Amino acid sequence: MTPSVRRWTFLVAAAALGGLLVWGMSGLPPFGDYHGVYGLLLNEVAVPERHATNVVAAVTFDYRGVDTMIEEFILFAAVIGVAVLLRNMRFEEEHEPEEQARGRRVPGTSNAVRVIGLTLLGPIVLYGLYVVAHGHLTPGGGFQGGVVLATGALLVYLSGEYVTLRRVRPQAFIDLAEATGAGSYVVVGLYGLVVAGSFLANFLPLGKIGTLPSAGTMPIINLAVGLEVAAGFTLLLSEFLDQTLVLDSTGRRT
Amino acid sequence: MTTVLLVVVLLMVAAGGTAVVLTRDPLNQAMIASFYGLVLGLLFLLMQAPDVGLSQITVGAVALPLMILLALAKVRRDSR
């Protein structure tokens, strides 16, 4: 196929696809014109039934809590997959981080990056905790807050040295936190099965609408997800950094 | 007002997506993909899906470019 034939094939196909897209989209209902029975019903019942002002959280952590649990384990499995792929191979040996080695090639962190990183660290961690804790009240929740928390670890790495990051996140603790986060979700579900008769039943008192201790099990599950996600992303970050900065292939493949 | 904002952000999404595709250097591409993720998050926020917007920003603007950057650092170090 010559380049000009290829170009014309693409142009004709793209024009056809574009035409179909415009035709299809012109038939879409207008923005905000919603007729989903299930969604309208949830909008009605979520606040009185579950005392959660964020209906999205009521769906993801209560009415369809099982879906979210499986999603959490998708992330869990993905992080474990990365950890397994990036494990220490037999032909690799660990050496001191490049930043400490003699004749270091990595330029030192600039003072500007260091100051901004350390200034942001506190607010970022606080904001992450806020997003996790208020998941049932306002947009946010364990997943988003967890990733925000994990960027705290990234800031430590950016503003300090890799060694500092290793000191503030002991590997065993991070592994434990990730597993605890993932496991607690299932434990909350099983506890609901025992005391209320169905898996992930909302067995806790619902509390006053709009306050932090409300919506029953939702804040607990959010906390579990936040722990799992924050630890998972920190693990991902440190696995990659271990690969880049500490591990070296000796070239001997056994 | 919202319509104007929506049109502006949609144009930014179109420009961002095109820029991601047209950038050939993976390092620059990761940076532009991060910006594109942020703009998509804005779009979701304007369309009244703040929950999705937050997820989009954390994953699209932070996590994904970070993984690409770390993988690039690893690849470049090995080829040195």
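**Questions on the two chains**

User: Does B:Gln48 count as buried or exposed, and where is it found?
Analyst: This is a predicted model, and in it B:Gln48 has 11 C-beta neighbours inside 10 Å. A residue with 12 or fewer such neighbours is classed as exposed, so B:Gln48 counts as exposed. As for its place, B:Gln48 is found in the loop between helix H2 (26-46) and helix H3 (50-79) of chain B.

User: What is the phi of B:Gln48, which is not a glycine?
Analyst: Most residues other than glycine have a negative phi. B:Gln48 is not a glycine, and yet its phi is positive, at about 65 degrees.

User: Where is A:His51, and what is its phi?
Analyst: The loop between H2 and helix H3 (55-63) of chain A holds A:His51, and this residue follows H2(A). A:His51 is not a glycine, but its phi is positive, about 55 degrees.

User: Is A:His51 buried or exposed?
Analyst: The cut-off for a buried residue is 20 or more other C-beta atoms within 10 Å. Around A:His51 there are 21 other C-beta atoms within 10 Å, and therefore A:His51 is buried.

User: At which residue does H2(A) have its kink of about 35 degrees?
Analyst: Helix H2 (residues 37-50) of chain A has 14 residues, and its first and last C-alpha atoms are 19 Å apart, close to the 20 Å expected at 1.5 Å a residue. The kink in H2(A) comes shortly before the proline A:Pro48, and the residue at which it lies is A:Glu44.

User: Which residues of H5(A) are buried, and how does A:Ile116 count?
Analyst: A:Ile116 lies in helix H5 of chain A, and it counts as partly exposed because it has 14 C-beta neighbours inside 10 Å. Its C-alpha atom is separated by 9.8 Å from that of A:Leu158, which is 42 residues apart from A:Ile116 along the chain. The buried residues of H5(A) are A:Gly128, A:Val131 and A:Val132.

User: What separates the C-alpha atoms of A:Ile80 and A:Gly232?
Analyst: A:Ile80 is found in helix H4 (residues 65-85) of chain A, and it counts as partly exposed because it has 17 C-beta neighbours inside 10 Å. Although A:Ile80 and A:Gly232 are 152 residues apart along the chain, the separation of their C-alpha atoms is 8.6 Å.

User: How many residues of H1(A) are buried?
Analyst: H1(A) has 24 residues and reaches 34 Å from its first C-alpha to its last, close to the 34 Å expected at 1.5 Å a residue. The helix is hardly covered, and the count of buried residues is zero.

User: Which element gives the largest share of the side of chain A that touches chain B?
Analyst: The contact takes 14 residues from chain A and 14 residues from chain B. On the side of chain A, the elements that give two or more residues are helix H6 (142-159) and helix H9 (218-246). The residues on that side divide into nine nonpolar, five polar and no charged, and the largest share, six residues, comes from H6(A).

User: How many helices does chain B have, and about what does its C-alpha trace span?
Analyst: Chain B has three helices and zero strands, and 22% of its 80 residues count as buried. Along its principal axes, the C-alpha trace of chain B spans about 55 × 25 × 10 Å.

User: Which element of chain A has the lowest mean pLDDT, and what ipTM does the predictor give the complex?
Analyst: Chain A averages a pLDDT of 81, while chain B averages 87. For the complex, the predictor gives a pTM of 0.78 and an ipTM of 0.79.

Methods:
Residues numbered from 1 in each chain as written. Chains lettered and ligands numbered in written order. Predicted model: local features only at pLDDT ≥ 70, side-chain atom pairs only at ≥ 80, totals over all residues. Contact = placed C-beta atoms within 7 Å. Helix = DSSP H or I, 4+ residues; strand = E, 2+ residues; numbered from the N terminus. Nonpolar A, V, L, I, M, F, W, Y, C, P; charged D, E, K, R; others polar. pLDDT = per-residue confidence, 0-100. Expected span 1.5 Å × (residues − 1). Bend = angle between axes of the 7 residues up to and from the residue.
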